[in-house]
Amino acid sequence: MAVPEMRAVYADTLIDLARSDERIMVLEADLMRATGTGAFKDIFPTRLINVGVAEANMIGVASGLSASGKIPFIATFGCFASRRVFDQFFISCNYARLNVKLVGTDPGITAGFNGGTHMPFEDLGLMRIIPNLVVCEPSDPVSLAALVRAQAAYYGSTYMRLHRKPVAPLYEAGTTFELGKGKLLAEGNDVLIVALGAVMVPEALKAAEMLKSHGISAGVIDALTLKPLDEELILSQARKVKVVVTAENHQVNNGLGSAVAELLCEQHPMPLRRVGVQGLFGEVGTPDYLQKRFGLDAETIVNVSRTALGR
Amino acid sequence: MEQGIVDNLKAQAREVRKYTIDTIANLGVGHIGGSLSVVEILTLLYYREMRVKAEDPLWRERDKLVLSKGHAGPALYSVLALKGFFPMEWLSTLNRGGTKLPSHCDRNLTPGIDMTTGSLGQGLSAACGLAIANKLDGIDNWTYVIIGDGETNEGQNWEAAMLAPHQKLSRIIAFTDYNKLQLDGTTDQILSLGDIEGKWRTFGWHVDRCDGHHFPSMSCAIARAKAQALREDGKPSMIILDTIKGKGAAFAEGKLTNHNMNIDRQTADIAIAALYEEK
C-alpha cells in the first residue's frame, strides 16, 4: 500500500469537509505549496485566502472570519505558528473565545534542512498553557483525517501539529478518534511508553518490540491529544507498570513529558523518564541524523527504560 | 449636513462625553485621553452611519465596528449604553470585579462589542476577516475600524494595510485617531508617523483627512469613502482624524499625562458642568 503524504490527507480532508460545510475556509501565509492546500484553492478559489508572508495578520484575519461564523483552518510552519504569533493567537482567537484551527507544520526535527530557525521544539509548551485550547498531534494519516474532522466539528480554537511528509498508516481505515482521547497500542507489565506524534509513536512501537528481546513487557499509548490529556487511559495503564517513559519530538519541558509528570505526581506518584529534546536548540540535518542527535529514537527509549528498570 | 442634525449630534456627543468622564471618575482612574478623542467619531457612527440593532446586537447584517484601540472602551460603552444595548447602570461597574465592561473591549462580555481588542495592532486584521466573510456571504454592510496613532507603530497594521486593497475590501472604512500623543510623549518624539496620508495612499487605500471633532467634515469624508467604495475600482478607506487627546475635559485636554490618569469626583464634576456651559 502506498504511503500517503500527510499534507495530501490534510488537504483532501478539508476539501471533503468544505463540500458539505460552506463555513470551512483555509488561510495560508505563502506556504500553500508546502502545506499542500493548493488542491483546496483549485476547488474553492474564494475560500482560500493567501495573506502573504504575514503570519500575525493571518491570525487576525482568521479571528474576523470566525467572528462572522466561518471555520478557518490556518497553517504555517510550527515555529511561526507558535513563537512568532503567540500574542495574536492568544488574544484575537483564544481570549476572544473564537473558533480558529491553527496548524503548525514541520514539527520538531521534521523541519530537517530548514534547521534551527525553523525547528519548533517549543510549540506544544507554548500552546499547552493557553486556557481551553485543544492541542493535538496525529500520528498517521488515519488519525490525521479523523482529528481534522473532529476539530471542524468542535467549537473552539485548536492547535494541531502536522508532519506533512509521507507517514505509514498505523491505524485501520475506519478507526474512530476523539479529541482528548489517546489510543492504547500495546499493553505491558514493566514499562508504559506514552508517545506523541508521527515521529515518536512508531519509535515507541519499535522500542516495545526491542524491549521484548530483553524480557521486558512494554505498553504503548499514542497520546494523540496533548490537551486535554487522556488522563484516564494513562493512569489505568500506568498502574500496571513500574516505570512510565514519555516520548516526544519536542522539548521534554512543558510538552508531553511535563503533562504526564504533572498527572502522575498528583494522582499516582511513580518513576517517570522523559525522552525528548533536552534543552537544546534545533539544527540542520537528515531525519536519521537529527533523530540520533536529539535522542528521538527507539534505541533511546529502550536504553532509558532499561536503566530505569535496572534491567 | 443640516444644522439641526449637527446640533443633535453635538448634544449626543455631549452626553457621551459626560458619561465617559463620569464612568472613569467612578472608578477613579482610566484611559481618559484616548476615550475623549474618539467621542465625536463614535457618536457619528452610532447615531448616524451604522446599521445596528440594540435589541439584536448579533444581527448578522449589521455594520460592525472594531475599536482596535481597545483602551478607549469607556467612550464606546457610553455610546452603547445611551443607544440601549445595555442598562445605563452598567457604566458604574467599569473595571470592577465581575463587570461586563472591562477597560479593553471584549466581544464576549459586552453587548454591541464586535471584536475583542486591547493588544494593540490586531484590530485591522480582524476587520479584514469580517469584511472577507461579508463578501463571501453576499452581505453589503460596512466594517468600521478605529486605530490609534500610537497604535500605528505596530507592524501588524501594515500587514493588514497590504492585504485589504489586495483583497478589494472596499467596505472597510478605517479611522486613525490622530491626537498626536502616545503614552511616552508626542507621536513625533516617540515614533513619527511622518507622511501618514501618503503612507496609506501608497499602500493602496482611499485616504481622506479631517477634523475629528467636526461632524460635517467627518460626515462628508465618510460619504466620499462610501461613494468611491461602490465603484468598480473601490478601495478600502483610511480617514485620518485630527483630534485632541482628552478633548472637552479641561483637566486632561492636550496633556501628555492624560493617557491613563487619576480622576477624582470633584474634578470630574467640574468638567461635566463645563460641558453644559458651552453653547
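In which order do the strands of the open sheet in chain B stand? The five strands run E2-E3-E4-E8-E7, and their pairing is parallel.

## Ground rules

This is a predicted model, where local features need pLDDT of at least 70, side-chain atom pairs count only at pLDDT 80 or more, and totals for chains, interfaces and linings use all residues. Residues are numbered from 1 along each chain as its sequence is written, chains are lettered from A and ligands numbered from 1 in the order in which they are written, and side-chain values use heavy atoms, leaving out hydrogens and water.

Helices (H or I, at least four residues) and strands (E, at least two) are DSSP runs, numbered from the N terminus. Two strands pair if DSSP finds at least two bridges between them.

## The sheet of chain B

Strands E2 (64-67) and E7 (206-211) of chain B are at the edges. Each has a single partner strand, so one side of each has no neighbour in the sheet. Neighbouring strands are turned by 20 degrees against each other on average, direction ignored. Angles run from 0 to 180 degrees between N-to-C directions, and axes are lines fitted to C-alpha atoms, for helices over the stretch in contact.

Strands E4 (172-178) and E8 (237-242) of chain B run parallel, joined by six bridges. B:Ile173 has B:Ser237 in E8(B) as its bridge partner. Helix H3 (39-49) of chain B packs on this sheet. H3 touches E2, E3 (143-148), E4 and E8 of chain B, and its direction makes about 175 degrees with that of E3(B). Contact means heavy atoms within 4.5 Å.

## The sheet of chain A

Chain A has an open sheet of seven strands. Their order is E2-E1-E3-E4-E6-E5-E10, with mixed pairing. Strands E2 (48-50) and E10 (225-227) of chain A stand at the edges, each with a single partner strand, so each has one side without a neighbour in the sheet.

E1 (24-28) and E3 (71-77) of chain A pair in the parallel sense over five bridges. One pair of bridge partners is A:Glu28 and A:Ala75, the latter in E3(A).

## Helices that pack

Two packed helices are described by the angle between their axes and the distance between the axes. H4 (55-67) of chain A packs against H5 (123-137) of chain B at about 45 degrees, with the axes 6 Å apart.

## Where the chains meet

The contact takes 23 residues from chain B and 25 from chain A. The two chains bury about 1900 Å² between them, 55% of it on carbon and sulfur atoms. Buried area is the accessible area (1.4 Å probe) that two parts lose on being put together, summed over both. B:Gln122, B:Leu136 and B:Glu159 supply 25% of the area that chain B buries against chain A, more than any other three residues.

## Backbone exceptions

Most residues other than glycine have a negative phi, and most peptide bonds are trans. A:Lys227 and A:Pro228 are joined by a cis peptide bond, with omega about -5 degrees. A:Asn254 is not a glycine, yet its phi is positive, about 75 degrees.
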